[in-house]
Amino acid sequence: MLSTEFLAQFYGALMALAILVYAILDGYDLGVGILLPPDNKEQADTMIASIGPFWDANETWLVLAVGLALIAFPLAHSVILQALYLPVALMLLGLILRGVAFDFRAKAKTKYQDAWDISFKLGSVITAFSQGFMLGLYVMSFDSSLESYAFAILSGIGVVSAYGLIGSAWLVMKTTDSLQAKAVAWCRKFNLVALLGVVAVSIINPLINDFVADKWFGDELSTLLLPVPFACIALFIYQDRLLANYKMQQSIGSSWKPFAITTLIFLLCFFGLLYSFYPYVVPNQLTIYESLADASALTFMMYGVVLVVPAIIGYTIFSYRVFWGKTEALSYY
Amino acid sequence: MLDTLLLSRIQFATNISFHILFPTISIALAWFLVFFKVRYVQTNQPVWLRAYRFWVKIFALTFALGVVSGITMSFQFGTNWPGFMERIGNIAGPLLGYEVLTAFFMEATFLGVMLFGMKRVSPAVHTFSTIVVAIGTSISAFWILSLNSWMQTPVGYEIIDGVFYPKDWFAIIFNPSFGYRLSHMLLASGITASFLVAGISAYRLLKDDHKHAPKLTLKVALTVAVILTPLQAFVGDLHGLNTFEHQPQKVAAMEGVWETEKGAPLLLFAIPDEEARANHFELAIPNLASLILTHELDGEIKGLNEFKGEHPPVKPVFYGFRVMVGLGLLMILISVVARFTLFKTGELPRWQLKALVVMTFSGWIATLAGWYVTEIGRQPYMVQGLVKIEELVTQVPSEHVLYTLIGYICIYALLLAAYIKTLFYTADKSVEVEEYELNPPMRGEQHA
């Protein structure tokens, strides 16, 4: 049997990875949903075709993240989910709406199709907002004061724009012509909003959480990490300059760049949050060590993780390679 | 006032009942698709491709509904049943974890290739993806049924301070009721899917769809049904014997036996009365229950009165069991008659087609009834004989649970209506499609 310390770190890292991959992957397909134009059927079709082969698997990372919390840190899982009971329900509503709308919009009678398009967009916005809202409450240690809810609402808007950013970056990569031009404009706009959001959270978080302030400004390690927020801001600015005089491309060419830059921004922001809270899994209440499940059960599961996760990564890459390139008109099956 | 416990139970039942509808179809429908695809590869006849293309649309829709309702399930444990993971998480956790790792990702990723990649990958890779999706759905059933069966027949654990710890994983996974329950469920899925395929194909034929594909899928579905329905009766009987051994109080409720008796009759109908602890209006076949369960005419069946306070509510289990068995017998009858008619005359008369349309979703009803029997039959326990449900419920205020419950019920009702409508609408649309639209018929071929 493996030591509890190792297991806590291993499963903590794996859960963090699952959340990060989820935010990037489902982030872009939720973002595409958020951006769905209500008045342009053709563009909506192309946008949805671009995420068609992926959204199912993208959402599975959420199931993995929640599953890992459930399995490895059951105490934290129940504290967090009971505290977030209503926003979780709201998020599930959003996920259900958009998940089914994806299929219904193409298969239902014509007269219902617009309604399903709206459900898809609305579901995407609800999902993103409630995820941001939960993140906000989490950062506020589930405090139920007015300020804490205000912060959570801001955080909700922040996540909607972050997903809008990565969604539009995805579209810059996957589409052409007028839609690509639209995506470039969206991307630049969301880039700015997301920058403001990141700066706001970076200032507020250490102000309200003493332990976070200690982490960033306290010991020696932190001076090494201070470049992280600056690197993040630099990426935002680089992205803005890149998009300001963007040349449209008919093939992939270098149109993957905004997506790559946004992914890096996600990575840095996520790392910042992670560093702020480690080793807490419930801020100020429970560490990963305190809430760890039984070591023998987790050891048993680790065989599976070690064998299967590389395979998952492998066939995920395979699937992205199969659908690499600009999205073609939706050829259903 | 409804309390959090009751509301949470209703909410969980609502969620799981809605969820199970879709995997019940998709587990077996995935294998139907494998069959269609492989036949196409083997014969190169476009009709198989057409069958594949029609049913893959329905599969995609079904799968999507299964995914979204499944995500809801994964949050339910934490939001409504925190005690579940705190007490038995060390056993349930890894089983659920293996389901996510070995099934969910594989299904979802290869589904993308299967649905949208036909033009982008080689035919072999596409067929391979279709097979992987089917394997994934079955693996998923493996793990979740293992956990469910363990909750019915727990072994391989030890309890320290009320918390369960695994001792023997092999015993836990392959617990005494697992094999029976898994086979029973996989067969249920096969039957549900075959009646769905038969029902929709019959619907198309009734709408004067003269193409070859619906005739072909009708034949395939009826062939599968005529094999699986009697097999299910056999496996169901074995499963019942297993339950009789491990959960006699559940069988007593299924059979409506109050006092322990030798030579117990089989009740075709009765109204069990839990207050009077007796049945009204019994319609019975003498000694048959004993014969089925003990293989002796005067074998002993333990009555509910031996398990006072420990046995499930009788009515839902008793009626649920009769609905399941009744429908099962009807499905055997219909599939035998229809397959035989098809064998003799090569087509079905309209009344038989209509009967099949009526039976389109009969598998859903039988499967749900069966699950109610086995799950309500486990009450008042979460883990049979060890952990009661009330010990595990959340502290969330009851009105919050009420709001979410109302929300779920509304959205599920809407989705179910939309799903069924879209299914028939897809069938209607395909009726209008000309035979040669998808693939021009080959020279010399009358009609594909």
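In chain A, residues 83–101 are 95% helix and 0% strand, and the end C-alpha atoms of this span lie 29 Å apart. Helices here are DSSP runs of H or I with at least four residues, strands are runs of E with at least two, and both are numbered from the N terminus. The model is a predicted one, in which local features need pLDDT of at least 70 and side-chain atom pairs count only at pLDDT 80 or more, while totals for chains, interfaces and linings use all residues. Residues are numbered from 1 along each chain as its sequence is written, with chains lettered from A and ligands numbered from 1 in the order in which they are written.

Another listed span, residues 148–172 of chain A, is 100% helix and 0% strand, with 36 Å between its end C-alpha atoms.

Taken as a whole, chain A contains 13 helices and 2 strands. Its radius of gyration is 20 Å, which agrees with the value near 20 Å for a compact globule of 333 residues; the radius is taken over C-alpha atoms, and the globule rule is 2.2 Å times the number of residues to the power 0.38. Along the principal axes, the C-alpha atoms of chain A fill a box of roughly 55 × 40 × 40 Å. Of the 333 residues, 52% count as buried, a label that requires 20 or more other C-beta atoms within 10 Å of a residue's own, whereas 12 or fewer make it exposed and values in between partly exposed, with C-beta atoms placed from the backbone. Contacts are pairs of residues whose C-beta atoms, placed from the backbone, lie within 7 Å. Among contacts in chain A between residues at least 6 apart in sequence, 76% join residues at least 24 apart.

Where the two chains meet, the contact takes 53 residues from chain A and 58 residues from chain B. On the chain A side, α3 (55–72), α4 (74–83), α5 (85–107) and α13 (295–322) each supply at least two residues, and the largest share, 14 residues, comes from α5(A). By type, this side of chain A divides into 35 nonpolar, 12 polar and 6 charged residues. In this grouping Ala, Val, Leu, Ile, Met, Phe, Trp, Tyr, Cys and Pro are nonpolar, Asp, Glu, Lys and Arg are charged, and the others, Gly among them, are polar.

Some backbone details of chain A deserve a friendly look. A cis peptide bond, with omega about 0 degrees, joins Y278(A) and P279(A), and P279(A) is found in the loop between α12 (257–277) and β1 (280–282) of chain A. Phi of N284(A) is positive, near 65 degrees, in a residue other than glycine; with 13 C-beta neighbours inside 10 Å, N284(A) counts as partly exposed. D177(A), also not a glycine, has a positive phi of about 55 degrees and lies in helix α8 (residues 177–208) of chain A.
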